[in-house]
Amino acid sequence: MIYHISVSSVLRKTVCDLYTNLVTRPTGVAVRQAIEAALADLPEPNVTVIDFAHVKMLDFSCADEVVGKLLDLYLNAKDQPQRYFLIRGVHDGHLEAIEAVLERYDLAVIVEEEDGHLRLVGTLEEGARRAWQLVNTQGRVQPQEVEAELGAPAERASEVLDWLSARRLVMRRDDGYVSLALAL
């Protein structure tokens, strides 16, 4: 299931109705907590689109709260529900702050560009990036297909795919590994 959270709507509800800038750590905390509350009611697994459209400015402290801590919570805390995230509506100014935060937390996330193409941003080794690209292009793959692409043993291909799944960048299903784009 796909869910959509407009960061600008959350910002207006939690901070100020006329506010379009996501700046200051307390603002980021308030927005992240509101997003976490909205996520708590959603069934799992799901893909949640975090939409930054209509947010004019995103500073590093808010990117840390809204992107870094949110992703870190669902990736690293035990017994967290299966949530997958896609970021939409970002411009270069947003990406600068988001990429710095992803590097700090050693995370990666999928960003949907204005033309609809999906792009992986954050920290990943080249083999994992290539495997993600293959899954994203094919839609659904088996480890053998990644093995052929990476030129690595099947066991290594399975490890990379499992790692991408644990990072919530692809979904693992009984019939293979699935791109989040299929869920869209």
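**Reading a helix pair**

Guide: The protein has 8 helices and 10 strands. Helices (H or I, at least four residues) and strands (E, at least two) are DSSP runs, numbered from the N terminus. This is a predicted model, where local features need pLDDT of at least 70, side-chain atom pairs count only at pLDDT 80 or more, and totals for chains, interfaces and linings use all residues. Residues are numbered from 1 along each chain as its sequence is written, and side-chain values use heavy atoms, with hydrogens and water left out.

Visitor: How are two packed helices described?

Guide: By the angle between their axes and the distance between the axes. Axes are lines fitted to C-alpha atoms, for helices over the stretch in contact, and angles run from 0 to 180 degrees between N-to-C directions. Here, helix H5 (residues 126-138) and helix H6 (residues 143-150) have axes that come within 10 Å and cross at roughly 125 degrees.

Visitor: What are H5 and H6 to each other, then?

Guide: Angles under 35 degrees count as roughly parallel, over 145 as roughly antiparallel, 65 to 115 as roughly perpendicular and the rest as oblique. H5 and H6 are therefore oblique.

Visitor: Which residues make the contact?

Guide: Contact means heavy atoms within 4.5 Å. H5 brings Gly-127, Arg-130, Ala-131 and Leu-134, while H6 brings Glu-145, Val-146, Glu-149 and Leu-150.

Visitor: How many of the protein's residues are buried?

Guide: Buried means under 20% relative accessible area, with a 1.4 Å probe and protein chains only. Buried residues are 48% of the 184 in the protein.

Visitor: What box do the C-alpha atoms fill?

Guide: One of roughly 55 × 30 × 30 Å, taken along the principal axes.

Technical notes. Buried means under 20% relative accessible area, exposed over 50%, partly exposed in between (1.4 Å probe, protein chains only).
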